[in-house]
Amino acid sequence: MKFHLAINMERIDDTLDMKDVAKHTLEMVQMADAGGFRIAWAAEHHALEMTIAPNPFSILTWWAEHTNDIRLGTAVIAAPYWHPIKAAGEAAFVDLISGGRLEFGIGSGAYQREFDRMRPGLKQTDAWRYMQEMLPVIRKLWQGDYAHEGEHWSFPASTSCPKPLQAEVPVWVAARAPITYDYAVKHGCNIQSWPLTRDMGEAQAYMDRLNEAVANNPGARRPTMAMMRHTALYDRKEDWMVPVRAAQRQLSQFENLFKNMGDVENGFPKSIPFDQLGNRAEYDPEMLSRNLMFGTPDEVIAKLKEYEAIGVDDFIYYASLGLGLKEQKRSLELFCKEVIPAFA
């Protein structure tokens, strides 16, 4: 099993100075680089303090200048917010400036609130059409001149400038629905999946969808399957509620955005009380501690072995959950020193 780090510049409220957040984020990526992580992922979100990522390519260029070996990925660019020529060129520039370390992740976009501002009139549930049109276009632009007449974009012959340094840039898609697993297998894409706060049954369901898609496409390469969980390690078992409380606070904002339920003021989403949620059982403290990648190093190793046993290839350590900056660093230190060697 190989390990990835997903981290955002994140503020749950305005008590944190943005300069401290930026410094912390870079230091976490540098720790992952030195500690044996394979990929660091940057997201794309707009006008939200809990995920400050207006352009993941800019973030990766910043990280590239301060790291040595870790590969750098977008997780993910939201296809409806981009023109293919611009996305192709931005991605290729990151590959060039990083010495061929780009991992290109593309998706549909997450929150209807963002669509209402970035692509007014587009429903989030229809956005997959943009992703499926854009990806083959970007790959052709990376090869040379290409003219496109499509449903969402049309342009005369053009090319990506610069071109990627890698002959073939690894491509990833975020997948939950069966149709996306089938698309990934058909088009040679690796897969990122996120079971949210749900139990191992959800993770197994994603593996079943992958296996079904591979069986339905004979001869196709099996993609690399990476699964993401909120992650926090601690030294003492009695500290188990520290990440749980942080996760509950962050996830109460996430539910606002995910279900378009409440207000966002100056970039900070209003927290939705769990008693207003039909899925409030998904935020029970003991359930969160059990389902998420929370625990002492030994407990986390045991949890990861379960993912390895069902066929997960890579694990994405999702560091952004509103935890204190000091606690985040200690967690990553423990993971690098005690967990990664157990899977060498």
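This is a predicted model: local features need pLDDT of at least 70, side-chain atom pairs count only at pLDDT 80 or more; totals for chains, interfaces and linings use all residues.
**Entry 1: what to look for**
Most peptide bonds are trans, and most residues other than glycine have a negative phi. I went looking for exceptions to both.

**Entry 2: cis peptide bonds**
I checked omega at Ala75 and Val76. A cis peptide bond joins the two, with omega about -5°. Then I asked where Val76 lies. I found Val76 in the loop between β3 (71-74) and β4 (77-78).

Next I turned to Cys161 and Pro162. The peptide bond from Cys161 to Pro162 is cis, and its omega is near 5°. I placed Pro162 in the loop between β7 (154-158) and β8 (171-174).

**Entry 3: positive phi**
I looked up Leu196. Its phi is positive, about 55°, although Leu196 is not a glycine. Leu196 is found in the loop between β9 (190-193) and α7 (200-215). Is Leu196 buried or exposed? Its relative accessibility is 9%, and buried means under 20%, so Leu196 counts as buried.

Asn266 is not a glycine, yet its phi is positive at about 55°. Its place is in the loop between β11 (264-265) and β12 (268-269). Is Asn266 buried or exposed? I read 67% relative accessibility, and exposed means over 50%, so Asn266 counts as exposed.

**Entry 4: recap**
I noted Val76 in the β3 to β4 loop and Pro162 in the β7 to β8 loop.

How values were computed: Residues are numbered from 1 along each chain as its sequence is written. Side-chain values use heavy atoms; hydrogens and water are left out. Helices (H or I, at least four residues) and strands (E, at least two) are DSSP runs, numbered from the N terminus. Buried means under 20% relative accessible area, exposed over 50%, partly exposed in between (1.4 Å probe, protein chains only).
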